[in-house]
Amino acid sequence: MTKDWNALNIDLSSGTVERETLSCEYVRRFIGGRGLGAALIAPYATEGVDPLDGSVPLVLAAGPLTAAGIPSGDRFSLSTISPLTGTVMDTNSGGRLGRSLRRAGSDLMIISGVSADPVVLVVEDDEVRLEGALDLWGCTVSETILRLTERWGKTAGMSVIGPAGENGVRYASIMTERMRAMGRGGAGAVMGSKNLKAMVVIGSGKVPVHDKERLKVVLEESNRWLRAHPVTSKALPALGTPMLVKICTRAGIFPLRNFQSVAVGEDQAYTGEELAKRFTVSSSGCTGCYIQCGRVTEAEGSRGEGPEYESLWALGPDLGIEDLAKIIPAAHRCNELGMDTISAGGTLACAMELAQRDVRPSTVRFGEAGSIMKVLEDIAYRRGEGDEMAEGSLIMARNAGAQEYAMQVKGMELPGYDPRGAQGQGLAYATSNRGGCHLRGGYLIAREILGIPKKVHGTQVLGKGGHVARAQDFGAVADSLSVCRFATFALAPEYWSRMLHAVTGWELGGEDLIRTGERIITLERILNLEMGVGPDSDRLPPRFTNEPLTEGACTGEVVHLDDLLAEYYAHREWPGGIPSENKIKELGLDE
Amino acid sequence: MNKEGESFKRLIEEFSRVGRVLFTGGLNNSHSGNLSVRLGDRVVITRRGAMLGELSADDLVDVGLIEDDSGIALASTEVKVHRAVFAATSHLAIVHTHPRTATALSMGRDFLVPVDDEGRYYFKRIPVLAVRASIGSDDLERELPAMLKDYPIVMVRGHGAFAVGGNLEEGLQITHALEWSCDILLRCLALGMTEEDLMDDRTHGEW
Ligand code: SF4
């Protein structure tokens, strides 16, 4: 099947909608989702660009497998330029929006301009229109979803922003339906800057499948693997991502108090097991997913989704708070306000360390949970100290003349894995195209801690350049197919290649997919270079390279970043961190 | 390559552990087979004539991924095949062995298709590559990389197996799984079961 892709070009300034066709050959070079998003953002990636002035579009793209009945495969991507990092960014989510869009006959939306008043973008099969949203402006995420659901019913796909997005918090997220977050990088602020409160999509058609019989065989095989793998069949459904608390603690990489130390011992009060036992109401997850890694939790009268491992850590132990009953409502509140939990927590942790060192006064202190809820609110509404915190940890710390205490890369706050015990993860943070991110870095934790697909030693340096590159490439493939990273734990590239062939007819083998992932990563790198984000920013906070860990399984370790980078650049053929002419040509990015 | 330091120590540990298991598991004889990993634009490979069961730091040599340098004089005879595979794929490790049962079965087949469940889990089928010269040859250098783009392990008829992966242990695992599956297949045939019986529900062979 050589289906061309249907794009909706929506200009919020004029309220006009145009339809465009992207040739199948063009789409296939980037797969869809994140890859296609990067290709379409390319013309806007120029030095000095301000993603919040309306000049940069939001590209919402489904993947070629979206809505085709693939396990954990109903995701969609949103690409733009990050107001937090100034890099190209993508973020993705499960939920019905991507699936509904394809069922409505379109594969992507390019949303540009700024609406004069708040609006909701509505796509109802063939019909696309903007509806006034003055009454929704100021509403929290669940209030917005509730009101939209009353009007459009439970089956409509919906993505919305909360107050953080409206107020330009640089790490505002976009929330999809029951609290699935498009978190990192601040896409919510870009949406808010366009006065776009929500997107509602209703699609009643079907997505064509090239070879249904073949797809059935491939899915049977794939499901056997998903049902056999202990992570996808047991750990994630039972404990969700907080299963990682104990595992990372044992590995000596669970950070405490803005990465000043790591947890040791076995008796933490904030493990995934404790969360499951005491606070979990039910499991939950994205539509069409067998794993259902999410959980609904309740504590102190607050009921909602999460916290994920990252949120639990960022709003808990990284702030010196160990009581799950306090952590859970904070995570729920971030979702309600439409705000990335990792960046919010990382910024608070930085403020706490600056206060601890008498560098900058703050209303928040390590271990004091009492003020957290109010400060989160202040960030979302940009009040008082929250206004500066809404800029992120790097700007806040830089203003105080103490940038080294911001645990970030390229301005994005780091997630909860100390890289001193996971050297590949350190390299991954440093080289992630959207900044200090576990997922876009390649999630080396899978290899270094979980042993997926095979264990590589966490403190080993030699060889990590290739591991990071390959993991990043495969990650870019997953994000471009718009399938969940967790499913890739159990299913190697060959499985996705066969699914892709069955659904679209595209003949791309497993290694062809990896090569396409390399094309996407390299394109993103080139776009970052064009915006002035170069090899100088492939750095970690000095804490990780200069201060050895003093406790736990990785005592004495620092990150050997220069050695790691040298091997990584050599592996990628990016001398000095810049893709070589030869590599650019080989990947067909010179056209 | 700096052979001092913790990181190199871990690398040689990995090589010797995998080499030892391959030898004791009967997948190589005393001086056959070779192992390599890619490190950036370098390839670390076992020395020519090394005993995989007893590897030490002196048995590892590094050569450029593309360019020749003095390491090439010491490297395994198969070095150019290893380099070609690394250059054409994203794999990070290669395990080359001489498994007896798989080699025997490769003589008369174009594909080896496991009949045991574990083998079927790992591979749908394993292609057999027939080339005129199979040791350190231009034929292998030309043909093998393309096949290892689609399959994690390839049998070279009359010679042995080339397995790829993210690290040496992955290559070791699938090599063992292949030989095990071939051994089971051989036993089934020896017990009088026909290929047809065994092939009954194997739609996965076409997968
Ligand atoms: S594993 Fe979790 S995040 Fe992934 S698709 Fe399923 S529910 Fe969503």
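Which side chain does the side chain of A:Thr431 join in a polar contact of 3.0 Å? Hold that thought while I do the housekeeping. This is a predicted model, where local features need pLDDT of at least 70 and side-chain atom pairs count only at pLDDT 80 or more, while totals for chains, interfaces and linings use all residues. Residues are numbered from 1 along each chain as its sequence is written, chains are lettered from A and ligands numbered from 1 in the order in which they are written, and side-chain values use heavy atoms, with hydrogens and water left out.

Okay, back to the question. The partner is A:Gln472. A polar contact here is a pair of N or O atoms within 3.5 Å; within protein, one must be able to donate a hydrogen and the other to accept it, and residues adjacent in sequence count only if both atoms are side-chain atoms. A:Thr431 sits in helix 17, residues 423-431 of chain A. Helices (H or I, at least four residues) and strands (E, at least two) are DSSP runs, numbered from the N terminus.

Is A:Thr431 buried or exposed? Buried, with a relative accessible area of 2%. The cut-offs are under 20% for buried, over 50% for exposed, and partly exposed in between, using a 1.4 Å probe and protein chains only. Beyond its neighbours within four places in sequence, A:Thr431 has contacts (heavy atoms within 4.5 Å) that include A:Lys410, A:Asp538 and A:Tyr568.

Now, the aromatics. Rings of Phe, Tyr and Trp (its six-membered ring) pair if their centres lie within 6.5 Å; planes under 30 degrees apart are stacked, over 60 edge-to-face, and the rest tilted. That rule gives 15 aromatic pairs over all chains. Take A:Phe254 and A:Tyr309: their ring centres are 5.9 Å apart and their planes at 70 degrees, so we call the pair edge-to-face. This pair links distant parts of the chain, 55 residues apart: A:Phe254 is in the loop between helix 9 and strand 13 of chain A, and A:Tyr309 is in helix 11 of chain A. A:Phe254 is buried at 0%, and A:Tyr309 is buried at 1%.

Another edge-to-face pair is A:Phe486 with A:Phe489, at 5.6 Å centre to centre and 70 degrees between the planes. Those two both lie in helix 21 of chain A, three residues apart, about one turn of the helix.
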